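Student: I would like to get to know this model one question at a time. Could you guide me through it?

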Amino acid sequence: MRSRIVDSGLPSFNAPFTACAKRSCLSSSISRPASRRVSSSSSSVSASAPEPPKRRLWLRLTMLTATAAGVGAYVRWLQDSGKSTLNPFSFTKYYLVSKEPVSSTCSIFVFKPANADGNCELYEKAWRAGVWSVMFKQPQLQIARDYTPLPPTSSMTSQEDGSLHFLIRRDPHGEVSRYLHALDLWTAVEMRGPQVECEIPSTIRDVLFIAGGTGIAPALQAGHTLLSRTDGSRKPRIHILWASRRREDCLGGVSDTKATVKPKSWFSGFIRSAEADPALGGSQDKNTSSSFIVRELEALKSQYPDQITVDYFVDEEGTSIGKQTISDVIQSTYASSPSSDSKLIMVSGPDGFIGYMAGPKVWAQGMELQGPLQGVIKELDLKDWAVWKL
């Protein structure tokens, strides 16, 4: 997701395929009072007589003043409504209550509103819909960036107080990222949302999520939304392929599918055996020095056994997600999926990662659109799968 100049408009949504329905933005308009014609009769000459010019001018000024007052009252109402409750119309103040480093570059941030009233219900609707984000504003430069909240789990502090958790990487070139990482505790920040990035339809039963870096946050959201729909007749599944730059980002993570991960060269494979390397599906203890996100993924596995699988890929260990990896997962995990309207591939991560996997998103008419399908996924020619870039 790119940084953007802060504007006062509403979030826009777009959907290039039928699986993820286009969400309409709320809109408001103030109607002008309908003018009335004065009826005349033969017994009343004064009713049909034209009004003096000064009186007509006075009426026009009165109507303009009333309309302006109405617009001003409406804007003030929008601003007041966003003082304590997150909303897509205006920025709301949240306070940084916790910042915990989870690697040399990433931290878990916890932001809490001044008042929890209305926020929890708003979050719950967004969690049920699919993948969503909120916009943080950098006040000095007046730019903003979208970040994805982490779903509530048993390992997190309670979200009944309206707090939201975020995994945020410190990017030396990211203005908003650097601003957030420099904040002191209890500093007020401004947020706006929620914005649903992809609404996951109820027909979706199988999701393959390809995540790069902090793109794992939307993957956790997708897993939370999809798996929470489990009932006696339906058990949806999600397989996550997560690529990280360093092992510290996914420390303790053990791949569920050995065949999907291969060393970059025969020499690296010779010095690291599959039994010792967790990226190769080895036997490392998952509970020993596991990273925060790995613990979250394991919590989902415990809650929904046999419905979520994860494979880890680490650049510094010479492993990466390729065409064969995706093909193997689809053939081994989703071969029995019956129809195309129940299968969805989601891609999230840095722009370069998304472009390599599925082609870049494009900007048109002031909106970020999905753009044509390209990259590795297009080369696989997966006709039965819908694709969404986050």
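Student: How much space lies in the largest cavity?
Tutor: We are looking at a predicted model, where local features need pLDDT of at least 70, side-chain atom pairs count only at pLDDT 80 or more, and totals for chains, interfaces and linings use all residues. Residues are numbered from 1 along each chain as its sequence is written, and side-chain values use heavy atoms, with hydrogens and water left out. A cavity is a set of points on a 1 Å grid over the protein atoms alone where a 1.4 Å probe fits but cannot get out; the points are joined across faces, edges and corners, and the volume is the space filled by probe spheres set on them. The structure holds one cavity of 30 Å³ or more, and the space in the largest cavity is about 100 Å³.

Student: Which elements give two or more residues to the lining of the largest cavity?
Tutor: Lining residues have an atom within 4 Å of a point, and helices (H or I, at least four residues) and strands (E, at least two) are DSSP runs numbered from the N terminus. The lining of the largest cavity has 13 residues, with Cys106, Leu167, Trp242, Asp249 and Ile293 nearest its centre. The elements that contribute two or more are β6 (164-169) and α6 (292-303).

Student: Why does the largest cavity lie between two domains, and which ones are they?
Tutor: The domain bounds come from an automatic or database domain assignment. Lining residues of the largest cavity come from both domains, so it lies between domain 1 (92-196) and domain 2 (200-257 + 289-389).

Student: How much space lies in the largest pocket?
Tutor: A pocket is an open set of grid points with protein on both sides within 12 Å along at least five of seven lines. The largest pocket is lined by 38 residues, and Arg145, Gly212, Thr214, Gly349 and Pro350 are the ones nearest its centre. Elements that give two or more residues to this lining include β5 (143-147), α3 (175-181) and α8 (351-358). The space in the largest pocket is about 860 Å³.

Student: How do the residues of the lining of the largest pocket divide?
Tutor: Here Ala, Val, Leu, Ile, Met, Phe, Trp, Tyr, Cys and Pro count as nonpolar, Asp, Glu, Lys and Arg as charged, and the others, Gly among them, as polar. Both domain 1 and domain 2 give residues to this lining, so the largest pocket lies between them. Its lining residues divide into 15 nonpolar, 13 polar and 10 charged.

Student: Is isoleucine 168 buried or exposed?
Tutor: Isoleucine 168 is in strand β6. Buried means under 20% relative accessible area, exposed over 50%, and partly exposed in between, with a 1.4 Å probe and protein chains only. At 0% relative accessibility, isoleucine 168 counts as buried.

Student: Why are the buried residues of α2 on the same side, and what arc do they cover?
Tutor: In helix α2 (residues 119-129), the buried residues are Asn119, Tyr123, Ala126, Trp127 and Ala129. The arc is taken from the directions from the helix axis to the C-beta atoms. These residues are on the same side of α2 because the arc they cover around the axis is only 160°.

Student: Which residues does a cis peptide bond join?
Tutor: Most residues other than glycine have a negative phi, and most peptide bonds are trans. Strand β7 contains proline 194. With omega about 0°, the cis peptide bond joins glycine 193 and proline 194.

Student: What is the phi of aspartate 306?
Tutor: Aspartate 306 lies in the loop between α6 and β10 (308-314). This aspartate counts as exposed, at 77% relative accessibility. Its phi is positive in a residue other than glycine, near 70°.
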